[in-house]
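Visitor: I would like to know what stands behind the labels on this model. Can you take me through them?

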Amino acid sequence: MKKRTLVLGASLKPSRYSNIAIKKLRDNDIETVAIGLQKGNVGDVVIETENIFFKNIDTVTLYLNPERQKLYYEYIINLQPRRVIFNPGTENIEFIELLKENGIESEIACTLVLLSTKQY
């Protein structure tokens with residue numbers, strides 16, 4: 001396994017992009033952890049409902065609108081991931097600047113596209 005990823009805004013609903021992303025990350029042998037509003041499983045990934053301090057997070061991929069992200073600024077910065085991916089609809093200049101100030105890369109991209117084009 002490589003590049004441990006946290007999916008933030010994970011959903012149990014199969015039609016949601018966060019759910020699809022979890023499955024695609026696992027299909028690509030990427031260790032994945034997830035936080036969402038409802039506890040449950042997507043395949044072998046447990047969706048937690050609390051901010052667990054996961055270790056060795058390389059990437060946080062966001063599926064939360066900018067307003068909801070505010071609750072997670074400090075949490076994400078404390079995880080010290082290498083990068084944060086802002087999926088379509090999650091773009092947040094305020095948070096991008098805060099990440100930069102803390103030495104964390106940010107990328108406005110789509111996790112599903114990055115995975116399908118082998119750029120993840």
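Guide: Start with pairing: two strands pair if DSSP finds at least two bridges between them. The model is predicted.

Visitor: How do you know that S6 and S7 pair?
Guide: Strand S7 covers residues 105-108, and DSSP gives four bridges between S6 and S7. The cut-off is at least two, so they count as paired. The sense is parallel. Phe86 stands opposite Ile108 in S7.

Visitor: What makes the crossover from S6 to S7 right-handed?
Guide: The chain leaves S6, passes through helix H4 (residues 93-101) and reaches S7. With the strands pointing away from the viewer, a clockwise path is called right-handed, and this β-α-β crossover has that hand.

Visitor: Which strand pairs with S6 in the parallel sense over four bridges?
Guide: Strand S5, residues 59-62, does. Leu62 stands opposite Phe86.

Visitor: Why are both faces of S6 called covered?
Guide: Arg83 and Ile85 lie on one side, Val84 and Phe86 on the other. All four are buried, which means under 20% relative accessible area, so both faces are covered. In a regular strand the side chains alternate between the two faces of the sheet.

Visitor: What makes up the lining of the largest pocket, by class?
Guide: There are 12 nonpolar, seven polar and three charged residues. The volume of this pocket is about 500 Å³. Closest to its centre are Gly9, Ser11, Arg16, Ser18 and Tyr63, out of 22 lining residues. Strand S1 (2-10) gives the most, with three residues.

Conventions
Residues are numbered from 1 along each chain as its sequence is written. This is a predicted model: local features need pLDDT of at least 70, side-chain atom pairs count only at pLDDT 80 or more; totals for chains, interfaces and linings use all residues. Side-chain values use heavy atoms; hydrogens and water are left out. Buried means under 20% relative accessible area, exposed over 50%, partly exposed in between (1.4 Å probe, protein chains only). On a 1 Å grid over the protein atoms alone, a cavity is a set of points where a 1.4 Å probe fits but cannot get out, and a pocket is an open set with protein on both sides within 12 Å along at least five of seven lines; lining residues have an atom within 4 Å of a point. Grid points are joined across faces, edges and corners, and a volume is the space filled by probe spheres set on the points. Ala, Val, Leu, Ile, Met, Phe, Trp, Tyr, Cys and Pro count as nonpolar, Asp, Glu, Lys and Arg as charged, and the others, Gly among them, as polar.
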